[in-house]
Amino acid sequence: MSAHHPDDDHDHSHLDAMTLRVKALETVLTEKGYVDPAALDELIDIYENRVGPKNGARVVARAWSDPAYRARLMENGTEAIRELGYAGRQGEHIVVVENTPGVHNMVVCTLCSCYPWPVLGLPPVWYKSAPYRSRAVNDPRGILAEFGVELPADTEINVWDSTSEMRYLVLPMRPEGTEGWSEEDLAALVTRDAMIGTGLPLSPEEVPA
Amino acid sequence: MTTVHDMGGVHGFGVVEEEKDEPMFHAEWERRAFAVTLASAAPGGWSLDESRFARESLPPTQYLTSSYYEIWFAGVVNLLKSRGLVTDAELAAGHALEPPKPGIKVLKAEDVAATLGRGGPTERPATAPARFQVGDRVVTSRANPPTHTRLPRYARGRVGTIHRVHGVHVFADRNAIRAGENPAWLYNVRFEAGELWGPDAQAPSAVHCDLWEPHLEPA
């Protein structure tokens, strides 16, 4: 950090109010020995760089290609996901809900922003926003339309409001034209939104080269 | 607690706006506020339920006009002050003015991965049989407590069907106010859209909530 970096202690003039307030708290907690600054760096690095929807995509791709794994995943999501190495905070209890030709699932937390961190990472701003939290339960079709998802009128929409420590992961339907694909290639079709239920998996034609 | 955080079914918040290529954090202070909040649970000793209660207890105008991590920050400051770990004078000064309390637990960098990996499982051993089974019709409580509850207001006094039995879990409503874990059977309850939203319901659809036995009576 250079002497003129905006985060520098001696140059508060450029800093906004939240930057100053958070810095003040972190400094007080650090000086008192209540937090370890290296632990803060580690927490940030984990969620910014190591945990994200790629984990969930691996789970979905495995379920698409291995019927025995799919059965274990539907029976006990937490344990089957742990098999792939994903577990812990905000994923202590995971239930997988499966889309079928007649039923589409969508996940929300109307009360805060509960989200399955070990498989999806931290949620995007829209998931935590008032428009999504307010409307997911009574206007799911309107939200899906805003996300560009059109479902047949007779498809039942099941909305899962995360009101306890159970976390929900949507298992989307495997796209057509993927017979014989490897797990890794399948995982590239699985978007974050497909696992929340506000999106569908990519089709083979949509896969980025 | 029914305040503006309990948003399900509320009109007027507008359209969902997606941000293209959204970064995980939008400013350095968000990174730090996120990490400070997680790390402060060790010295603070509070539960996730308490920290949720702290956030939803913010004045409604503050809650609605704050960004997500501003809400987190305000919540953790209130919790830290309530435990006597920091003071307003220290926050204003930006430095410690009082000696630290003795015997405080600290999350060390080398323990972060293992601590996250353990998480905080909420399932507890059953001490009584479940009152409800899959397929049972139940009606939810109409209670409107001034403290934390995980029964959203749109689902109060409504009839639903037990969809799944999750086992016995820490009862968030009580744990949030430090009244003990009070483990209770937790159920996934399915509400048909018409039961919740009347003639405006988008059929066919249903909303599923996870509710504890104290929230439910036979319908």
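This is a predicted model: local features need pLDDT of at least 70, side-chain atom pairs count only at pLDDT 80 or more; totals for chains, interfaces and linings use all residues.

Student: What does the record list for residues 121-218 of chain B?

Tutor: UniProt gives "domain: Nitrile hydratase beta subunit" there, again from an unreviewed entry. Residues 121-218 of chain B are 9% helix and 38% strand. The end C-alpha atoms of this span are 28 Å apart.

Student: In what order do the elements of chain B run?

Tutor: From the N terminus the order is α-α-α-α-α-α-β-β-β-α-β-α-β-β. In total chain B has 8 helices and 6 strands. Its C-alpha trace spans about 55 × 45 × 35 Å along the principal axes.

Student: Which residues of α2(B) and α4(B) meet?

Tutor: From α2(B) come E50(B), S51(B), A54(B) and R55(B). From α4(B) come I71(B), W72(B), G75(B) and L79(B). By class there are 4 nonpolar, 2 polar and 2 charged residues in this contact.

Student: How do you know how α2(A) and α1(B) are oriented to each other?

Tutor: Use the angle again. Helix α2 (residues 37-50) of chain A and α1(B) cross at roughly 115 degrees, and their axes come within 9 Å. The perpendicular class runs from 65 to 115 degrees. Therefore α2(A) and α1(B) are roughly perpendicular. Their crossing is right-handed.

Student: What makes up that contact?

Tutor: On the chain A side, P37(A), L40(A), D41(A), L43(A), I44(A), Y47(A) and E48(A) of α2(A) take part. On the chain B side, α1(B) brings R31(B), R32(B), F34(B), A35(B), V36(B), L38(B) and A39(B). The contact of α2(A) with α1(B) has 10 nonpolar, no polar and 4 charged residues.

Student: At what angle does α1(A) pack with α4(B)?

Tutor: Helix α1 (residues 17-31) of chain A packs with α4(B) at about 35 degrees, with the axes 12 Å apart. This crossing is left-handed. M18(A), R21(A), V22(A), L25(A) and L29(A) in α1(A) meet E70(B), F73(B), V76(B), V77(B) and L80(B) in α4(B). The contact of α1(A) with α4(B) divides into 8 nonpolar, no polar and 2 charged residues.

Student: On to rings. How many aromatic pairs are there over all chains?

Tutor: There are 19. Take F25(B) and Y69(B): their centres are 5.7 Å apart and their planes are 45 degrees apart.

Student: Why is this pair called tilted?

Tutor: First the distance: a pair needs ring centres within 6.5 Å. Then the planes: under 30 degrees is stacked, over 60 is edge-to-face, and the rest is tilted. At 5.7 Å and 45 degrees, F25(B) and Y69(B) are therefore a tilted pair.

Student: What does the pair tie together?

Tutor: F25(B) lies in the segment before α1 (28-44) of chain B, and Y69(B) lies in helix α4 of chain B. So the pair ties together parts that are 44 residues apart in sequence.

Student: What makes R178(B) worth a look?

Tutor: Most residues other than glycine have a negative phi. The phi of R178(B) is positive, near 60 degrees. R178(B) sits in the loop between α7 (172-175) and β4 (184-192) of chain B.

Student: And which peptide bond is cis?

Tutor: The one joining A203(B) and P204(B), with omega about -5 degrees. Most peptide bonds are trans. P204(B) is in the loop between α8 (193-197) and β5 (205-212) of chain B.

Notes
Residues are numbered from 1 along each chain as its sequence is written. Chains are lettered from A and ligands numbered from 1 in the order in which they are written. Side-chain values use heavy atoms; hydrogens and water are left out. Contact means heavy atoms within 4.5 Å. Helices (H or I, at least four residues) and strands (E, at least two) are DSSP runs, numbered from the N terminus. Ala, Val, Leu, Ile, Met, Phe, Trp, Tyr, Cys and Pro count as nonpolar, Asp, Glu, Lys and Arg as charged, and the others, Gly among them, as polar. Rings of Phe, Tyr and Trp (its six-membered ring) pair if their centres lie within 6.5 Å; planes under 30 degrees apart count as stacked, over 60 as edge-to-face and the rest as tilted. Axes are lines fitted to C-alpha atoms, for helices over the stretch in contact, and angles run from 0 to 180 degrees between N-to-C directions. Angles under 35 degrees count as roughly parallel, over 145 as roughly antiparallel, 65 to 115 as roughly perpendicular and the rest as oblique. A crossing is left-handed if the near helix is turned anticlockwise from the far one by less than a right angle, and right-handed if clockwise. UniProt positions are given in the numbering used here, feature names are shortened, and annotations may be inferred rather than shown by experiment.
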